[in-house]
Amino acid sequence: MTPSPDPVTLAVLENRFRGLVEEMGEALLRTATSQILNSSRDFSIALCDSQARLVAQADHIPVHVGAMPFAAAAVLDAFPGAVRPGDCFLLNDPWHGGSHLPDLTIVQPVFADRTLQFLCVVRAHQSDIGGATHGGYNPSATEIWQEGIRIPPIRLGERDELREDLVAMLALNTRIQRDFRGDLMAMWGAARLGARRLEALLGTHGAAPLRAAVDAILDLAEAHARRIIGAWADGEWTGEAVLDDDGHALTNVTIRARVTKRGDAITVDLSDSAPQTAGFVNSSWPNTVSAARMALAYLLDPEVAKNDGAFRPLTVLAREGTVVRAAEGAAVTLCTSHPSNEIVEAIVKALSTAAPDRAMGGWGRRFRVAITGGDPRRAGRRFVWHLFHARPGGGGHARGDGWSCAGEWHSAGGLKFGSVEMAEARFPLFFARHEFRPGSAGDGTHRGGFGAELELRIETAGPARANTAGDGVRHGAAGMLGGRDGAPHRYSLLRADGSSRDLRTKEAGLVLSPGDVLVVRSGGGGGWGPPEGRMPDARAADAAEGLA
Amino acid sequence: MHGPYRIGVDVGGTFTDVVCLGADGSTALAKAATTPDDQSRGVLDGLATLAADLGVTLAALLTNTERLVHGTTVATNALLERRTARVGMLTTEGHRDVVEMREGLKPERYDLRLSPPPPLVPRRLRLPLRERLGAGGEVAVPLDEASLQAAIEALRDADVEAVAICLLHAWRDPSHERTAAEAIRHALPGVYVTLSSDVLPQIKEYERFSTTVVNGAVGPIVGGYLGRLETRLREAGFHGPLFVILSHGGVAPVAEAARLAAGTALSGPAGGVAAGLALARAGLGEDLVTFDVGGTSTDVALIERGEAALGRGRVVGGERIALESLDIVTLGAGGGSIAHLGAGGMMRVGPRSAGAVPGPACYGGGGWEPAVTDANLVLGYLDPDRFLGGRRRLDLGAAQAAVDRLATLLGIGRLDCAAGIHALANVAMADGIRLATVRRGVDPRGFTLLAFGGAAGLHASAVARDLGMRRIAVPLLAAGLSAWGMLQTDLRYEVSRSLVGVEGMPGEPALRGIFAELETAARRRLAEWMPGDPAIRRSADMRYGEQVFEIGVPLDAVDWGGADLPSRLAEAFHRRHEALFTYAMHGEEVVLVTARVAAVGRLPGSPAPAPPDREAAAPLGPRRAVIDGRELALPVHGFERLMPDQRVAGPAIVESDTTTVLLLPGDLARLDARGWLEVELPA
């Protein structure tokens, strides 16, 4: 067995791993062709070792991170002993290493001495993944086959070339083939860039020392996490968070986390959550595990390396047949947003007694709208556009107020809404207003961040179609430790004829006419600590800024 | 030395360096303490010291000075310390939170207990104008006079020093911004007015607005400072042109620097890059990594095929400045960086620095934590009696005690710990170089590491080894190289045009027309600054049809005389895309977004300060030092006492009053007659 490298080499390699993951992300951002990736950064990169353990990740989308090792493992399971140099694998199916269908994942193996050493994992949310509705989210779905094309681990490429027959088949199953192909190339490019960097590193250091370094890096992160957890009070607590509905008949879908903290270990049991539902708010198991890991990551110090070691103190349990561990075949597309956000919130609530200075007010909930139509300026060319503007607010916390328009628990400031000018130039949309929403923040000793107001006019060539997919018009982001909940979302549709109605969070087949205005009021973040504790000058400052 | 003189002035954190070039090609360096409250005093002090060294009066020096080039950190410091001007903003109604929303992106993904930074311009001073352009530049809502008047009254009440005018789509049509600017200049004379369509005429409002607000926030400060400096210089007898080095590495007259003050944010470290470019031209080689190591930070930049890389993603003090700027990577790693045990149980070096006060433990100023300089002293790389030419005695005992504290925590010995600190500093520096090279898709192995600033010489060989670089150069004037570099800088004026409303690649005649038009404009502007025939540099920002980020593609290698120019430009883009991102999409449409032409006026340069021609001197020393865990007796050579072409084999030390170069075993150094020590590393 190779001895663990000296502390210096270890630090060098830890930096190298993180650096190459960041570089891959930058490449993907700059080369992708769909708005959801190149403007809103809905992608993540992970480096896993040959045992599918998470070695390094970067500041991308937290809900992806804890789930990506499942993708690496699924490839190894599907191709036992048959992963070869020059191969490239692809998957999206939630029961085969994915979380939900819109997230395509490329797994690129890296070899040294003809032995598998690492897997570069690139996960990116697609603008469209086929299925019954445009944009990947089908709020009417009651089974996964209505949500898009299912892809188990497949060998997408061999001998450093992508298989054009497979690419063509996949592209044919999506609505905007051009975006699909451009994004897939960008993902593959990023994965290969990472593989090149790793091959160089393997050449310099040798495979065995690198494996020993990985073991040591993971062990140090584990020890770091356990030291922090060990300082919290022991006990058992239950936290709850509630979804508005499942998009069908059911309202108030409860996520219940029973959290036991003993010594330096934590067990989260989600078995008492609501039974599996008819709609797409069910969660796949990788996604549920990832959500629980995300909650832990937020409560630890930011400096803890978020790798396999850091998550070892955490055990996640759930009964199959619940909304957090749906049986194969269930509709699950909303899960990376909901119930991910509620799982995090329930766990943070449960642990707020043990670690009050670490628990933060709730971050916003996701309420997306996907619009498809033709652009009159580009000969009616078809587009799919996803709403990322009017981001909700982040939660208040022990050190201060929340971050306005920074988004939801599952992204934590990692999704960008992108440029209004660019959106207007690329899509037939007019942003009449896009500003902070006064009064939306949850009150508290430290208030939440503000949500936003958006008035978006549709200027398509003829009627356009829209879906909504989200939650949080009944329940706002939770206040913590006496803080108040943030205001919930309120979205409405103002018709060109002057009529108006509120939008539900899960609607399919909405027909929009040119001149219609989508009026969005997004939720604020939850407050932290009792409002009576808030400093008067902080209240005065909000009032002076027109935000009270 | 005799005049007429040319003078470069580099204001650093601690010292203001003044380098003077005489008409006979000789060089003089003077230093004065930096005066942070008003840097112009320190500049005049430095000039006075220089005059005294040359044995002339300040007036005699300055009246005989034909050009003065200045690098300033005024804008940088104002942003980092948040001492900016009171700035108001006029913006499109319904969109006044663009700069505070930051596109929804928050740094530090896993720090949910991080609060947002206060915006440079508070919301109450972000005032709405009722007006709106569409994405095609067409007027959707005409500019409403009443909203303009109301905003002006609010700005008057707030007593603002600057106004940033930032309207949606103004890059397509600046007329609303210009109308508003005229009204403000009329109503509020003396207030600094800046327009987004003027500062950064390109799409993406967050970048454009943020840059314009930064420009407003530092404009009055930079303008005021440069005005005071110019006045002091005039009073002292200087009548030549005063130029300021900008973030993109070119120099501009004072009025231009004040107009685009946000463009001076990297004025400080830009001189080092300019020096690298000059040395590249002088024969050092055209692929260099500049490596400027000071007390608290290290600045790294890339010079590729004789050109410095430029980028537009700069953030200073948390504020986005999307102006073209040298791609300088600044790291919190220098001689003063402190080594400690990180929260995760890992040994860490930096980013905290001992600074000038208390300084490293060995300075004896009360520092007790081990800094990189302490480790270097413990390892024997520095001589406690010869630091800064013996002007500062170093306390070896204090350095050892500081290193021992950390060694105990780690359970290792003193020398292992010191070697670890030295090595981790090397790692941080190497990572900085990787950011500047590898992360840009450039393999540093064929590059020469140009090491300068006080502390680079001790780390250069190890850093180069880590990166697989084979060649290092350390100039004789290492400690004042940035100021010298400013005198080697070209005058550069770039004009660009975004091809609005064009889909794809323009046709042959249109393409040639655009570049010809830009060239005429660039030549005309440069001719206002200096006579002569400038060099012309062409480039274009291009992307594939559906991408939204362009990549800058240099076009000087394209044959402009040949037929089918559009295909040649597309081919240059495909190649660049493949080099950066591993693939190209040859069937995909290529879009030319922005055409750029720069007119570059070459100022007469000067050779690097060369060593005097004389007899070889015997090595000093030896000095006992630890390399790779072994204690060796290293010969010490005086840098200024080496003869041209004299060779020194590592392990050895080459030392001047202001810099020390550590040669590792296998290194072979040779003093180049053109003024630098050139080190070949073993394969």
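R41(A) sits in the loop between α2 (35-38) and β1 (43-49) of chain A. The model is predicted.

**Backbone geometry**

Phi of R41(A) is near 55°, a positive value in a residue other than glycine. Most residues other than glycine have a negative phi, and most peptide bonds are trans. H338(A) and P339(A) are joined by a cis peptide bond. G650(B) and P651(B) are also joined by a cis bond. The table gives omega for each.

| Cis peptide bond | Omega |
|---|---|
| H338(A)–P339(A) | about 15° |
| G650(B)–P651(B) | about 5° |

P339(A) belongs to the loop between β11 (314-317) and α9 (340-351) of chain A. P651(B) falls in the loop between β31 (647-649) and β32 (652-655) of chain B.

Rolling a probe the size of a water molecule over the atoms shows where empty space is left. Here the count comes to nine cavities of 30 Å³ or more. The largest cavity has a volume of about 70 Å³. Its lining holds 13 residues, and the closest to the centre are D42(A), H125(A), T336(A), R368(A) and H410(A). By class, the lining of the largest cavity has four nonpolar, six polar and three charged residues.

**An open pocket in chain B**

Next come the pockets. The second largest pocket has a volume of about 1100 Å³. It is lined by 38 residues, and D198(B), P201(B), E494(B), V495(B) and S496(B) are the closest to its centre. Several elements of chain B give two or more residues to this lining: α6 (175-187), α7 (196-199), α9 (254-259), β25 (491-498), α16 and β28 (590-601). Which element gives the most to the lining of the second largest pocket? β25(B) does, with seven residues. The lining of the second largest pocket divides into 18 nonpolar, eight polar and twelve charged residues.

**Two packed helices**

Helix α16(B), one of the elements in the pocket lining, spans residues 508-529 and packs against helix α17(B), residues 565-581. Two packed helices are described by the angle between their axes and the distance between the axes. For α16(B) and α17(B), the angle is about 70° and the axes are 8 Å apart. Angles of 65 to 115 degrees count as roughly perpendicular, so α16(B) and α17(B) are roughly perpendicular to each other. On the α16(B) side, E508(B), L511(B), R512(B) and F515(B) make the contact; on the α17(B) side, L565(B), P566(B) and L569(B) meet them. By class, the contact has five nonpolar, no polar and two charged residues.

**Across the chains**

I203(B) lies in the loop between α7 and α8 (205-236) of chain B. Leaving out residues up to four places away in sequence, I203(B) touches E421(A), M422(A) and A425(A) in chain A, and W171(B) and R208(B) in chain B. The C-alpha atoms of I203(B) and H169(B) are separated by 7.0 Å, although the two are 34 residues apart along the chain.

The whole structure has nine aromatic pairs over all chains. One of them is tilted: the rings of Y298(A) and Y110(B) have their planes at 40° and their centres 6.1 Å apart. This pair crosses between chains, from Y298(A) in helix α8 (residues 285-299) of chain A to Y110(B) in the loop between α4 (98-101) and β6 (126-129) of chain B.

Methods. Residues are numbered from 1 along each chain as its sequence is written. Chains are lettered from A and ligands numbered from 1 in the order in which they are written. This is a predicted model: local features need pLDDT of at least 70, side-chain atom pairs count only at pLDDT 80 or more; totals for chains, interfaces and linings use all residues. Side-chain values use heavy atoms; hydrogens and water are left out. On a 1 Å grid over the protein atoms alone, a cavity is a set of points where a 1.4 Å probe fits but cannot get out, and a pocket is an open set with protein on both sides within 12 Å along at least five of seven lines; lining residues have an atom within 4 Å of a point. Grid points are joined across faces, edges and corners, and a volume is the space filled by probe spheres set on the points. Ala, Val, Leu, Ile, Met, Phe, Trp, Tyr, Cys and Pro count as nonpolar, Asp, Glu, Lys and Arg as charged, and the others, Gly among them, as polar. Axes are lines fitted to C-alpha atoms, for helices over the stretch in contact, and angles run from 0 to 180 degrees between N-to-C directions. Helices (H or I, at least four residues) and strands (E, at least two) are DSSP runs, numbered from the N terminus. Angles under 35 degrees count as roughly parallel, over 145 as roughly antiparallel, 65 to 115 as roughly perpendicular and the rest as oblique. Contact means heavy atoms within 4.5 Å. Rings of Phe, Tyr and Trp (its six-membered ring) pair if their centres lie within 6.5 Å; planes under 30 degrees apart count as stacked, over 60 as edge-to-face and the rest as tilted.
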